[in-house]
Amino acid sequence: MIDTIEDILIISRIQTGQIQLFANIGDVIGLLEEMQEYFIAQMQNQKGKSNIPLLFEHSLEMNQRMVLIDFRHLKQVLNKLIGNAIKFTDEGSILLKCELKSEKEFLFTVSDTGCGIPDVKKSVVFSPFRQADETVLSKKTGGSGLGLSIAKGLVELMGGKIWFESTAGKGSIFSFTIPFQTVGKL
């Protein structure tokens, strides 16, 4: 219940332009490794999820890890995408990937082998209070249908773009870009 209220407040702030960005210096790979560890621990406590590997790949060099970026909102976006991947994946794997799209832009990808999104629901994926299957899946997995709306809103506020590919019954790939500034070596 608290998560739903918090999500409603976040989407409201996004829609009314009340979200403020605060870039800070940090290790982007360190953040992603922490998130991987956190979600693996969470999955160990969920029935039927402990056997699903959450993999992490990156192609960054040591001098590309320390960046100036809004880590708080980046973490929120990744939490929503990884959380959905876990929620809708009962077998197979989940992959979190980070790479450079350009000299000043990251490309993040969260892919899963879950239930995927039916073609008829793809147009509403980023709409608030909507889910891929608003009958069976929402009863099975819960959620308010705000996670992807929040992710999209935050990515766009940070100057990035978000998109997805999905095949019903085979899984989904959510990708987004975020601009950053390099600050030096570790």
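Me: What makes H5 count as mostly covered?
Reply: Eight of the 11 residues of H5 are buried, where buried means under 20% relative accessible area, exposed over 50% and partly exposed in between, using a 1.4 Å probe and protein chains only. Those buried residues are Gly147, Leu148, Ser149, Ile150, Ala151, Gly153, Leu154 and Val155. Before we go on: this is a predicted model, where local features need pLDDT of at least 70 and side-chain atom pairs count only at pLDDT 80 or more, while totals for chains, interfaces and linings use all residues. Residues are numbered from 1 along each chain as its sequence is written, and side-chain values use heavy atoms, with hydrogens and water left out.

Me: How many helices and strands does the protein chain have?
Reply: Five helices and eight strands. Both are DSSP runs numbered from the N terminus: H or I with at least four residues for helices, E with at least two for strands. In order from the N terminus, they go α-β-α-β-β-α-β-β-α-α-β-β-β.

Me: Why are H3 and H5 called roughly antiparallel?
Reply: The axes of H3 (residues 71-87) and H5 (residues 147-157) cross at roughly 150° and come within 9 Å. Axes are lines fitted to C-alpha atoms, for helices over the stretch in contact, with angles running from 0 to 180 degrees between N-to-C directions. Over 145 degrees counts as roughly antiparallel, under 35 as roughly parallel, 65 to 115 as roughly perpendicular, and the rest as oblique. So H3 and H5 get the label roughly antiparallel.

Me: Which residues make that contact between H3 and H5?
Reply: His73, Gln76, Val77, Lys80, Leu81 and Asn84 come from H3, and Gly147, Leu148, Ile150, Ala151, Leu154 and Val155 from H5. Contact means heavy atoms within 4.5 Å. By class, there are seven nonpolar, four polar and one charged residues. Here Ala, Val, Leu, Ile, Met, Phe, Trp, Tyr, Cys and Pro count as nonpolar, Asp, Glu, Lys and Arg as charged, and the others, Gly among them, as polar.

Me: What about H2 and H3: how many nonpolar residues are in their contact?
Reply: The axes of H2 (residues 28-44) and H3 come within 11 Å and cross at roughly 35°. The H2 side includes Leu31, Met35 and Phe39, and the H3 side includes Leu74, Leu78 and Ile82. That contact has 11 nonpolar residues, along with two polar and one charged.

Me: Why does threonine 177 count as buried?
Reply: Its relative accessibility is 3%, so threonine 177 falls in the buried class. Threonine 177 is in strand S7 (residues 171-179).

Me: How do you know that threonine 177 has a polar contact with glutamate 105?
Reply: Their side chains are 3.4 Å apart at that contact. A polar contact is a pair of N or O atoms within 3.5 Å; within protein, one must be able to donate a hydrogen and the other to accept it, and residues adjacent in sequence count only if both atoms are side-chain atoms.

Me: What does the side chain of threonine 113 reach?
Reply: A polar atom of that side chain lies 2.8 Å from the backbone oxygen of glutamate 91. For the backbone nitrogen of serine 93, the distance to a polar atom of the threonine 113 side chain is 2.9 Å.
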